[in-house]
Amino acid sequence: MAIIQSERDGVIIFKLEGRIIAPEIEEIIDTVQSVLSQIKDTPKLVFDFKDVTSMDSSGLGSLMKIYSDIHPIGGTIAVINVNKHVKNLIVMARLITVFRNFDSEDEAVWALLNPPSEPSQ
């Protein structure tokens, strides 16, 4: 398992590679926590699953932990290049509405930088 971090316009992108399974998931959590400790703005994270070969429930749990850490402060998570196996896990865990799914990095970055406006009342 490997994780490569980059940044575009304040959106942090994590490219995941290999198998996202226990006990390697600690590397993801540690890497993300390290990045979050340096961010002053509301966290906007993209996880790229293009090179992920498999993921188990502990991998999904690590994403949920990250989400539960950033959601109370307005943070958002997007996922891209999700293969069928990972998407099935997300759907079965009923997290399809928690992790915004996009087809490309460009779409995800744009969507996180341009959230839908609240309807006026």
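Which residue takes a positive phi in the hairpin of β1 and β2? Asp9 does, with a phi near 55°.

The model is predicted, so local features need pLDDT of at least 70 and side-chain atom pairs count only at pLDDT 80 or more, while totals for chains, interfaces and linings use all residues. Residues are numbered from 1 along each chain as its sequence is written, and side-chain values use heavy atoms, with hydrogens and water left out.

View 1. Strand β1 covers residues 2–8 and runs antiparallel to β2, with seven bridges between them. Two strands count as paired if DSSP finds at least two bridges between them. Helices (H or I, at least four residues) and strands (E, at least two) are DSSP runs, numbered from the N terminus. Opposite Gln5 stands Phe14 of β2. Two residues lie between the strands of this hairpin.

**View 2. The pairing of β2 with β3.** These two strands run parallel and are joined by eight bridges. Ile13 has Val46 of β3 opposite to it. From β2 the chain passes through α1 to β3, a right-handed β-α-β crossover. Right-handed means that, with the strands pointing away from the viewer, the path from the first strand over the helix to the second runs clockwise.

**View 3. The largest nonpolar core.** This core has 29 residues, and Leu45, Phe47, Phe49 and Phe99 have the most contacts inside it. A nonpolar core is a set of buried Ala, Val, Leu, Ile, Met, Phe, Trp, Tyr and Cys residues joined through side-chain atoms within 4.5 Å; buried means under 20% relative accessible area, exposed over 50%, and partly exposed in between (1.4 Å probe, protein chains only). At least two core residues come from each of β2 (11–20), α1 (25–36), β3 (44–55), α2 (57–70), β4 (76–80) and α3 (84–92). Another core, of 10 residues, lies apart from it and includes Val11, Phe102, Val109 and Ala111. In soluble globular proteins, nonpolar side chains tend to be buried together.

**View 4. Surroundings of Phe49.** Not counting residues up to four places away in sequence, Phe49 touches Leu16, Met55, Leu63, Val79, Ile80, Asn81, Val82 and Val86. Contact here means heavy atoms within 4.5 Å.

View 5. Leu63 belongs to helix α2 and counts as buried because its relative accessibility is 2%. Beyond its neighbours within four places in sequence, Leu63 is in contact with Phe47, Phe49, Ile77 and Phe99. Leaving out residues up to four places away in sequence, Ser62 touches Ile25 and Ile29.

**View 6. Leu89 in helix α3.** Leu89 is found in α3 and is buried, at 15% relative accessibility. Neighbours within four places aside, Leu89 is in contact with Met55, Asp56 and Leu60.

**View 7. The largest cavity.** One cavity of 30 Å³ or more is found in a search of the whole structure. The largest cavity holds about 40 Å³ of space and is lined by Val79, Val82, Lys87, Ile90, Ile96, Phe99 and Asn101. On a 1 Å grid over the protein atoms alone, a cavity is a set of points where a 1.4 Å probe fits but cannot get out, and lining residues have an atom within 4 Å of a point. Grid points are joined across faces, edges and corners, and the volume is the space filled by probe spheres set on the points.

Technical notes
On a 1 Å grid over the protein atoms alone, a cavity is a set of points where a 1.4 Å probe fits but cannot get out, and a pocket is an open set with protein on both sides within 12 Å along at least five of seven lines; lining residues have an atom within 4 Å of a point.
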